[in-house]
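Please read the dialogue below with the model open beside it.

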Amino acid sequence: MMLFLVNHLQDLSETGMHLQAKSPDPPIRQGLAAAGLTPDDTKPKKKICCACPDTKKLRDECIVEHGEAACKKWIQAHLQCLRAEGFKV
């Protein structure tokens with residue numbers, strides 16, 4: 001089997017077909033590495049429903065008592081917290 005593969009590769013190279021090694025990392029990984037991040041660092045470590053419980057509670061209580069229009073401060077605080085946790089909201 002190994003001999004077949006070696007012969008087949010030789011045939012390919014003789015016909016002008018050259019094998020090229022793939023780049024070890026796609027560009028996105030290279031960019032993350034340059035920024036000092038790994039793909040795991042960019043992913044949220046929690047589910048969105050469990051992240052930022054303090055700001056979520058304040059936001060929800062305000063909306064129930066005063067309505068969404070009166071609670072923009074708490075809504076923005078919760079969104080900022082979620083972004084800090086790695087969520088794209």
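**Reading the cysteines**

Q: Is Cys-62 buried or exposed?
A: Buried means under 20% relative accessible area, exposed over 50%, and partly exposed in between (1.4 Å probe, protein chains only). Cys-62 has a relative accessible area of 10%, so Cys-62 is buried.

Q: What kind of model is this, and how are residues numbered?
A: This is a predicted model, in which local features need pLDDT of at least 70 and side-chain atom pairs count only at pLDDT 80 or more, while totals for chains, interfaces and linings use all residues. Residues are numbered from 1 along each chain as its sequence is written, and side-chain values use heavy atoms, with hydrogens and water left out.

Q: Where in the chain is confidence lowest, and where is it highest?
A: pLDDT is the predictor's confidence in each residue, from 0 to 100. The chain has a mean pLDDT of 76, and 53% of its residues reach 70 or more. Confidence is lowest in helix H1 (residues 2-14), with a mean of 53, and highest in H4, at 98.

Q: How many helices and strands are there?
A: Helices (H or I, at least four residues) and strands (E, at least two) are DSSP runs, numbered from the N terminus. The chain has 5 helices and 0 strands.

Q: Which cysteine forms a disulfide with Cys-62?
A: A disulfide is a covalent bond between the sulfur atoms of two cysteines. Here the cut-off for such a pair is sulfur atoms within 2.5 Å. Cys-62 pairs with Cys-71, with 1.9 Å between their sulfur atoms. Cys-71 is buried, at 0% relative accessible area. The torsion about this S-S bond is about -90°, so the disulfide is left-handed.

Q: How many disulfides does the structure hold?
A: The structure holds 2 disulfides. In the one between Cys-52 and Cys-81, the sulfur atoms are 2.0 Å apart. Cys-52 lies in the loop between H3 and H4 and Cys-81 in helix H5, so the pair ties together parts that are 29 residues apart in sequence. Cys-52 is buried at 5% relative accessible area, whereas Cys-81 is partly exposed at 24%.

Q: What does the UniProt annotation "binding site" cover?
A: UniProt positions are given in the numbering used here, feature names are shortened, and annotations may be inferred rather than shown by experiment. In the unreviewed UniProt entry, the annotation covers Cys-49 and Cys-50.
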